[in-house]
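Colleague: I would like to learn how to read strands and cores in a model. Please start with the strands.

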Amino acid sequence: MQHVLPERTPVPDFDLVIFGASGDLALRKLFPALTRRDAEGVFPATSRVIGVVRGDPEESRAKVEEWLKSEKISQEEIDAFLQRLTFAQVDARQPETFANLKQVLGKSQRIRAFYLSTPPDLFIPICRNLAAAGLLDGDSRVVLEKPLGKDGRSAREINDAVAEVLPESRTYRIDHYLGKETVQNLLVLRFANTLFERSWSYRDVDHVQITCAETVGLEARAGYYDGVGALRDMVQNHVLQLLCLFALEPPNTLSADAVRDEKVRILRALRPIVGPDVVQKTVRGQYAPGSSDGAPVPGYGEELGRESGTETFAAIRCELDTWRWAGVPIYLRTGKRMSERRSEIVVTFKRVPHSIFRSVDPAMTLEPNRLVIRLQPNEGVTLQMMMKVPGSGRLKLVPRELDLKYETAFEMRSPDAYERLLTDVLRGDQTLFMRRDEVEAAWAWIDPIIEGWRDFYPKPHRYASGSWGPSQSVGLIEREGRSWLD
Ligand code: BG6
């Protein structure tokens, strides 16, 4: 029987203002997501999207149209979206220019959402200038893109400044991983099925691996990425969010705060990695020349045009100091220019306590059960189990997989993370957004690693583009008798 979900609240009439509208994220993610949602008839007829730009609005409009075409969205859908799209020329650091935005917004009673798709150093001036222009009253809300600061202190400064002009209930901190279908499915897998919940602990789990590997390199993002690196760009947010959803205790309800309370508990339970510990428990890497998709590619320093100490790969062995997870190693890993694009959570269960099959073949090894939650690409879930090879003769066992693929299990389009998150902002649902204490708890664990790297591990190891990272990453897990599932 199919479970029918209740209709979600309709999207109310809105004005969505996008700061950084000619930037990379807006072009590649926000506008396509909005156009697709619009084409599904989700938006009220009079709702508007207002792009904030410093330069020529006509040029920006043309750029948006060109990008939407390259995304293979139909001209009819693009035209419909462009009808809603208007621009305002504002310089985020010039308060007087906010009058232009005020004029475009007019006196409408619609919900106002301000999406700050800008570098984090503009968050504070934009929020202050919006407040000073009287644009944050009523039911307005602000969306902050990651990264929220570059350490705990700068994140607190941003949070404090935002809190001066807007309550937490109207502040939306985006981590787009939370908008991915497969990430949301983690909660369903765990709490709509009894099968796994019972073995989801130190009793049955040997260890956990969380990998977010990408094949892309620096792209055109040197200005943002260099000096930031993989730990701040991916681990502080996406990877830790995956860890939270994997490890959290059952929330009492699916309400935003019930889920976020449990996530904060996990972040606070991460055992700190301090000082020289970083050398044992973490690996930093930077990609060197190699290949990607069969073609030769330059190394990070070559792309940048100079040497840099920024890491493009990070692996961390961590532990949670909780009853449920005591003593279970959790290996985190993320990197650019890796062998393949793959994000997954691998849960390896303990081996059987006693093998009755030894009597048949003393050399026979029983592989442990392994649950692989594939987040992207080829979204799905596999469960590795030992099976008997059919046939008479001597008993032979091999590992085989139960394999569930989303693509075949559900014959429907899987929306992009931003489609879901943008409509959640407009609907006022904060479940998939990070609360202030969550972001700060994540930084509280990351900060000592950054400091430890500065003092004890200043230079990342080089790894060939197209590999699985530096050999030290293999050492990190293999010296404990385990191996990455590559
Ligand atoms: C972003 C990072 O948040 O996530 C990028 O800034 C990274 O560096 C991207 O490439 C990965 O997102 P996805 O959805 O492609 O896994």
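Modeller: Two strands pair if DSSP finds at least two bridges between them. Here strand S7 (residues 205-213) and S13 run antiparallel, joined by eight bridges. Within that pairing, Gln 209 has Val 346 of S13 as its bridge partner. This is a predicted model, in which local features need pLDDT of at least 70, side-chain atom pairs count only at pLDDT 80 or more, and totals for chains, interfaces and linings use all residues. Residues are numbered from 1 along each chain as its sequence is written, and side-chain values use heavy atoms, with hydrogens and water left out.

Colleague: Which strand do six bridges join to S13?

Modeller: Strand S14 (residues 370-376), also antiparallel to S13. Ile 345 faces Ile 373 of S14 there. Helices (H or I, at least four residues) and strands (E, at least two) are DSSP runs, numbered from the N terminus.

Colleague: Why is S13 largely enclosed by the rest of the structure?

Modeller: Buried means under 20% relative accessible area (1.4 Å probe, protein chains only). Eight of the eight residues of S13 (residues 342-349) are buried, so the strand is largely enclosed. Both faces are covered, with Arg 342, Glu 344, Val 346 and Thr 348 on one side and Ser 343, Ile 345, Val 347 and Phe 349 on the other.

Colleague: And the core?

Modeller: A nonpolar core is a set of buried Ala, Val, Leu, Ile, Met, Phe, Trp, Tyr and Cys residues joined through side-chain atoms within 4.5 Å. The largest has 139 residues, of which Phe 19, Phe 31, Leu 101 and Phe 114 touch the most other members. Helix H10 (residues 229-247) gives the largest share of this core, twelve residues.

Note on methods: Buried means under 20% relative accessible area, exposed over 50%, partly exposed in between (1.4 Å probe, protein chains only).
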